[in-house]
Amino acid sequence: MTSVAIEPPRQPEVLGLLRESDLFHLELYPPESCHLLDVAELEHPGVTFFVGRGDGVALGTAAVLDRGDGTGEIKRMFVSADARGRGLARSLLAAVEARASELGIHTLQLETGPLQHAAIALYQRSGYAIIPNFGPYAGDPHSICMEKALPIPLVE
């Protein structure tokens, strides 16, 4: 049984998962192309951090960064190697998108790497389109940026 919930990132088990994510990315890309928020940045106001768990064990993470202008960015999307292929990434992405909509974010962007084929496929199946690299990713050959317009929730 898997679950996804907003949790603090500074938990021993979650910190271990973030380290696993760091190592995964550093095996694929040079350090200057690893644009990962650290735990202190994940605790900033405007960042909502999610943990995906299976049988109570932390298996995945994702965060949404609210830029405060109606746009947001997905950060630290990661599922542990032994938990992949079970739909947890889809659940994390759905939770991030739902939270972004709650925050009034109408455009959600992300950056991933060209060697992360499964991630790119997931994002494309979920409605994300490749866009020109933006912000700190501009000019980085190890970055692929994507974007999705989110439905604006009706206010009653």
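Contact here means heavy atoms within 4.5 Å. The model is predicted.

**Nonpolar cores**

By that criterion, Ile-74 touches Ala-63, Leu-93, Val-96, Leu-108, Gln-109, Leu-110 and Tyr-128, leaving aside residues up to four places away in sequence. Ile-74 belongs to the largest nonpolar core, which has 24 residues. Ile-74, Met-77, Leu-108 and Tyr-128 have the most contacts inside this core. Two or more residues each come from β3 (57-66), β4 (71-79), α3, β5 (107-112), α4 (117-125) and β7 (144-149). Helix α3 gives the largest share, 6 residues. A second core is separate and has 11 residues. Among its members are Leu-17, Leu-18, Val-51 and Phe-78. In soluble globular proteins, nonpolar side chains tend to be buried together.

**Leu-110**

Leu-110 lies in strand β5. Is Leu-110 buried or exposed? Its relative accessibility is 0%, so Leu-110 counts as buried, the limit being under 20%. Leu-110 touches Glu-73, Ile-74, Tyr-123, Tyr-128, Phe-134, Ile-144, Cys-145 and Met-146, again without residues up to four places away in sequence. Phe-24 is another matter: Leu-110 and Phe-24 are 18 Å apart in space, C-alpha to C-alpha. In sequence, 86 residues separate Leu-110 and Phe-24.

**Glu-97**

Glu-97 sits in helix α3, which spans residues 88-102. The relative accessible area of Glu-97 is 15%, so this residue is buried. Which residues does Glu-97 touch, not counting those up to four places away in sequence? They are Leu-108, Ser-126, Tyr-128, Lys-148 and Leu-150. Tyr-128 is also on the contact lists of Ile-74 and Leu-110.

**Aromatic rings and a charge**

How many aromatic pairs does a search of the whole structure find? It finds 3. Two of them are tabulated here.

| Ring pair | Centre distance | Plane angle | Class |
|---|---|---|---|
| Tyr-123 and Tyr-128 | 5.8 Å | 65 degrees | edge-to-face |
| Phe-134 and Tyr-137 | 5.2 Å | 90 degrees | edge-to-face |

Why is the pair of Tyr-123 and Tyr-128 edge-to-face? Its planes stand at 65 degrees, and planes over 60 degrees apart count as edge-to-face. The planes of Phe-134 and Tyr-137 are at 90 degrees, so that pair is edge-to-face as well. Tyr-123 and Tyr-128 are both buried. Phe-134 is buried at 15% relative accessibility. Tyr-137 is buried too, with a relative accessible area of 1%. Tyr-123, Tyr-128 and Phe-134 each touch Leu-110.

Phe-24 meets a charge. The charged end of Arg-84 sits over the ring of Phe-24, 4.9 Å from the ring centre.

**Cysteines**

The structure holds 0 disulfides. Cys-34 is in no disulfide, and its nearest cysteine sulfur is that of Cys-145, 14 Å away. For Cys-145, the nearest cysteine sulfur is that of Cys-34. Cys-145 is buried at a relative accessible area of 0%. Cys-145 is also one of the residues that Leu-110 touches.

Terms used
Residues are numbered from 1 along each chain as its sequence is written. This is a predicted model: local features need pLDDT of at least 70, side-chain atom pairs count only at pLDDT 80 or more; totals for chains, interfaces and linings use all residues. Side-chain values use heavy atoms; hydrogens and water are left out. Helices (H or I, at least four residues) and strands (E, at least two) are DSSP runs, numbered from the N terminus. Buried means under 20% relative accessible area, exposed over 50%, partly exposed in between (1.4 Å probe, protein chains only). A nonpolar core is a set of buried Ala, Val, Leu, Ile, Met, Phe, Trp, Tyr and Cys residues joined through side-chain atoms within 4.5 Å. A disulfide is a pair of cysteine sulfur atoms within 2.5 Å. Rings of Phe, Tyr and Trp (its six-membered ring) pair if their centres lie within 6.5 Å; planes under 30 degrees apart count as stacked, over 60 as edge-to-face and the rest as tilted. A charge sits over a ring if NZ of Lys or CZ of Arg is within 6 Å of the ring centre and within 35 degrees of the ring normal.
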